[in-house]
Amino acid sequence: MVLKIFFPQCCNTADSGLLVGRWIPGHNSAVVLAVIHYPFIPGQVKKYLSELQSQTQVDLTVLGSWSMPKEGQEGMDSFLKDLSTIFPQKSWIQLSREIGKTGFTCQVVQNNGKLLQDQEQKNGDDKIILIHYDQRKVMLSQLHPVQDVGQKSDVEPSELRLVFQTAAQSQPLFFLDKYDDGPLKLTHWQSEGREASIIAELLKQASVPVCIFLTWLLSLWHWLCSFRILYLRPVLFISSKLSTCVQSGYRAVHFQTVFSPKKATTHMDFMRKANTFVSFLVDMALGLLLISWLYRENRISKLADTLVPVADRVAKELQELLEWLMGAPAGLKMNRALDQVLGRFFLYHIHLWISYIHLMSPFIERILWYVGLSACLGLTFALSILSDIVALLTFHIYCFYVYGARLYCLKIYGLSSLWRLFRGKKWNVLRQRVDSCSYDLDQLFIGTLLFTILLFLLPTTALYYLVFTLLRLVVVLFQGVIHLSVDFINSFPLFAIGLRICRPYRLAEGVKFKVLCQEPGSPLHLMMEINPLKCSAVLQCYRTPTYSCYPKDSWAALCKKLFVGELIYPWKQKTTKTD
Amino acid sequence: MAEEEFTDINGNSISLDCQSHSAFCREFTVTSPKLSLRKVMIYTCFVWLFAYAVFFFTENTTVLSSAIILTLAGMMIHIHFVKVDHETLLIIGSLGVQLSSSYASGRESTIFIEMNKLKDIVINEAVYMHSIIYYLCILIKDPADPETVTSVVPLFPSSKPRLNCLVQMYRSCQEILAQSR
C-alpha cells in the first residue's frame, strides 16, 4: 500500500523537530499540520495536543520527526529515533532533508519494529508519496459540492475532502507560533509572517452593535406592518399587485438574515449573508447615483412636465385608433351599429381619463419629486416604482382590454353553445362531454336566430379584442423587462463572483497535481494546487433565491387562452421563495 | 520516453510522450499539430478581400475596421478556447488520475478524479457515420455503489489518437491500476 503524506510548504525550511498532524481515518495517509521545535518537554506536548483535541474535535497526534540538520547538529538521527519510544504510534514517520538538496528522504517505522524503505527494492511494494500543499490556502478553501461537517451523510467523505476539513478545523493549532514565549515553539503558515489589516479587525468589532441596532429598527418596521388596518381586503389586494410593496417586503426578509447578530456557522450561510449584503450595498449605490443624475439640472421637474403631454398624446392616439376602427379599418366592413356603440363607449372612457389626468397635473411634479427620492433605497425600488407608474398610467388600456376580452369571451361561448344546438347536440355538465339532445321547434328557431346574429357580429368584436389585446401585451412586455432586471439585481451573487476573481482559492472545485522533479532515491514529490470553481458553477451554486417572475403558462396554453378570450396574467409571482 | 509516428483519426500526425516518474506514477502527453500559418493567412485574406469588396460598393470605412476587429477577435477566441496544444494524462497509483488540456494561448484546464471514484480505464468503440472510432475512457463509479458505472469520461477528446497509441497507454495504465487494487 502506498503511504501518502501531505506536507505543508511553510515547513520546508523549518528547523528540526516533531511532526504534528492527523492520520486520515480509512485511508493510508497523514496530514502534517505543524512542526514543534526543540527544546520541548514531551509531557507538555502531550498535554497541549489533548487540549487542542478537545477544542477542535480533530484527533491531532505526533506523527513523527522532521530533521533538517544545520552545521554542528550531526548526531540528531539517533536522538530522533529514540523519540518514537516516547510517543507510541502505529507508524512513526521520519522525514529528513539536507540543505542543498530539494528531495526529502523518508522512512516509516511500524510499531513492530519493521522498517519500511521507499527505495526501489525488489520486495518494495510499500511506497511513499509526499504531497506538498499551501497550508493557508487549503485552510481557507471550501471544496464544492459543499457538504457540512456536522451533517450526517451516507457517503464516506473522500480523502481530499478530509484533508481540507482537517486543515480548516485545526485553526486553534495555529494560534501559537515559534516567536511566542510559550513552552512550545511551532512552525506553521503563520510563521511566514502574514499581516492582518487593522481596518478589517475594527470593522469586525464595530459590526456587532451596528447589527443589534439595525435588528431593532427592523423589529419596529415589522410592528408597523402588523397593524390591523393593513390587513383589510382591498389594501391587501392592492399591495399584492404593486411590485413596490412586494419588493420592500422581500428586502425586509433579506435584512433579517443579514443583520442578525448571530455569526454564520456554515459556509453556505456565510456566503448567503455576504451576497445579500454586497448586493444591497451595490443596489443603494446605484440608486444614489440615479438620484444624483435625476436631481441635477432639475431633470425631475422636466420629467414631470413632459408626463402630462405624453399622457395626452397617448390618449389622442387611442382616440384616433378608435375613430379608425369606427370607420372601415383595413378595408373591412364593420357592423355599423355595434361599431358605433363600442367606439363611443371607449371614447367616453378616454375622455374621463384625460379629465382625471388634467385634474392631477398640478400635483404631479411634487409627487414625482418625493417619489424620486425613494430611489435612495435602491435601484430595484426605483425600477419597481417605474413599473407601478407605468401600470397606473396605462390603466385605461388594461380596462379596455378587459372589456374587449369579456365581450369576446361571451360571444365565443355563446357561439359554441349555439353551434352545438344547431347540430342537435348539448353539453352535458354532469358527464363533461357532448351529448345529443332533441330540441323543440321553437327552441331551434330562436337558437338559430341568435346564432346567426352572434356570428355576423363576430368580426367587429374580434377586431376590437385583437387591437386592445395587442396594446395590453406591449405594456405587459415592458413591465416584464423591468421585473426581469429587478430580479437579476436581486439574485446575482456579487460577493461570490468577486471572491472567485480576487481570491480564487477560496472556492475550490478540486485540486491539481504537478510532479516535482526529484533526485533518484527520494520518494515521489507532488505539488497540490487548488483548482478554482468555474464562474458558471459559482453562479449556479450561489444564486440568491428570489420571488422570480416566471411565465405561468406555456406558449400553447397562452395562445389558446388568447383565442378563447380568457383574461391573461402572463407573469405570476411566486409567493414562496424557491431554493 | 517513447516517441513513434502516431496519427489521429483524421490522419494528422501527433506525437505521444510517456514519462515514468516512479513505479506507480506515469504521465502521457499527446501533442496535436500546431496552428498552420497557411490556413490563418488564407482565412484572413479571404475575409479582408470580402470586406474590401463590400467597401468598394458601399464606400463605408466601418466595414473595413469591423473586418479587422472581427479577424483579431476571432483569432484570439480560437487560440484561447478552441485550439488545443497538448493533452496530458497523469496517473498516480492509489491517489487518482489527472486530465489536463493545454490550449494554444497557454491556458490550462485540469480535472482530477480520485481513485475511489474510478472504476476502470477501458478502450471503447463508437460508430460514427461510416467509421468506427476507438477512444480511451475512464469509467466513474459512485463510492457508495461500487458496481454501477455512473458516467464515462473520454480521454484526449481533441487529439483523438488512433488505436496503436491508445493500446500503449492502456497497457501502462492497467499496470498501475493493478498495483493499487
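**Figure 1. The loop of chain B that holds B:I9.** B:I9 sits in the loop that runs between β1 (6-7) and β2 (13-22) of chain B. The view, like those that follow, is taken from a predicted model. B:I9 counts as partly exposed, because its relative accessibility is 26% and partly exposed residues fall between the 20% limit for buried and the 50% limit for exposed. Setting aside residues up to four places away in sequence, B:I9 touches B:I133, B:K160, B:P161 and B:R162. B:L163 is 154 residues from B:I9 in sequence, while the two C-alpha atoms are 8.9 Å apart in space.

**Figure 2. B:V122 in strand β7 of chain B.** Strand β7 covers residues 118-128 of chain B and includes B:V122. With a relative accessible area of 22%, B:V122 is partly exposed. When neighbours within four places in sequence are left aside, the contacts of B:V122 are B:Y135, B:L136, B:C137, B:L139 and B:Y170. One of these, B:Y170, is 48 residues away from B:V122 along the chain, and 7.1 Å separates their C-alpha atoms.

Figure 3. An unreviewed UniProt entry gives the annotation "transmembrane region" to residues 40-57 and 63-82 of chain B. Residues 40-57 of chain B are 100% helix and 0% strand, and the C-alpha atoms at the two ends of the span lie 26 Å apart. For residues 63-82 of chain B, the span is likewise 100% helix and 0% strand, with end C-alpha atoms 26 Å apart. B:E59 is found in the loop between α1 (37-58) and α2 (61-82) of chain B. The phi angle of B:E59 is positive, at about 60°, although the residue is not a glycine. B:E59 is exposed, its relative accessible area being 60%.

**Figure 4. The loop at A:Q57 in chain A.** In chain A, A:Q57 belongs to the loop between α1 (42-56) and β4 (61-67). A:Q57 is not a glycine, yet its phi is positive, at about 60°. The relative accessible area of A:Q57 is 65%, so the residue is exposed.

**Figure 5. A cis peptide bond in chain A.** The peptide bond that joins A:H144 and A:P145 is cis, with omega at about 0°. A:P145 has its place in the loop between β9 (142-143) and α4 (159-169) of chain A.

**Figure 6. Packing of helices α10 and α13 in chain A.** Helix α10 (residues 336-373) and helix α13 (residues 441-491) of chain A pack at an angle of about 25°, and their axes are 10 Å apart. The two helices, α10(A) and α13(A), are therefore roughly parallel to each other. On the side of α10(A), the residues that meet α13(A) are A:L338, A:D339, A:L342, A:G343 and A:F346. Their counterparts in α13(A) are A:L457, A:T460, A:T461, A:Y464 and A:F468. The residues of this contact divide into six nonpolar, three polar and one charged.

**Figure 7. The annotated transmembrane regions of chain A.** In an unreviewed UniProt entry, the feature "transmembrane region" is placed at residues 277-295, 367-394, 400-422, 443-467 and 473-497 of chain A. Among them, residues 400-422 of chain A form a span that is 100% helix and 0% strand, with end C-alpha atoms 32 Å apart. Residues 473-497 of chain A are 92% helix and 0% strand, and the C-alpha atoms at the ends of this span lie 36 Å apart.

Figure 8. Chain A contains 16 helices and 16 strands. Of its 579 residues, 40% are buried. The accessible surface of chain A is about 33100 Å², and carbon and sulfur atoms hold 64% of that area. Among contacts in chain A with a separation of 6 or more, 72% come from residues 24 or more positions apart. A:E320 lies in helix α9 (residues 299-326) of chain A and is partly exposed, with a relative accessible area of 46%. Between A:E320 and A:L63, which are 257 residues apart along the chain, the C-alpha separation is 90 Å.

Notes:
Residues are numbered from 1 along each chain as its sequence is written. Chains are lettered from A and ligands numbered from 1 in the order in which they are written. This is a predicted model: local features need pLDDT of at least 70, side-chain atom pairs count only at pLDDT 80 or more; totals for chains, interfaces and linings use all residues. Side-chain values use heavy atoms; hydrogens and water are left out. UniProt positions are given in the numbering used here, feature names are shortened, and annotations may be inferred rather than shown by experiment. Helices (H or I, at least four residues) and strands (E, at least two) are DSSP runs, numbered from the N terminus. Buried means under 20% relative accessible area, exposed over 50%, partly exposed in between (1.4 Å probe, protein chains only). Contact means heavy atoms within 4.5 Å. Accessible areas come from the Shrake-Rupley method with a 1.4 Å probe; for residues, only the protein chains shown count as cover. Axes are lines fitted to C-alpha atoms, for helices over the stretch in contact, and angles run from 0 to 180 degrees between N-to-C directions. Angles under 35 degrees count as roughly parallel, over 145 as roughly antiparallel, 65 to 115 as roughly perpendicular and the rest as oblique. Ala, Val, Leu, Ile, Met, Phe, Trp, Tyr, Cys and Pro count as nonpolar, Asp, Glu, Lys and Arg as charged, and the others, Gly among them, as polar.
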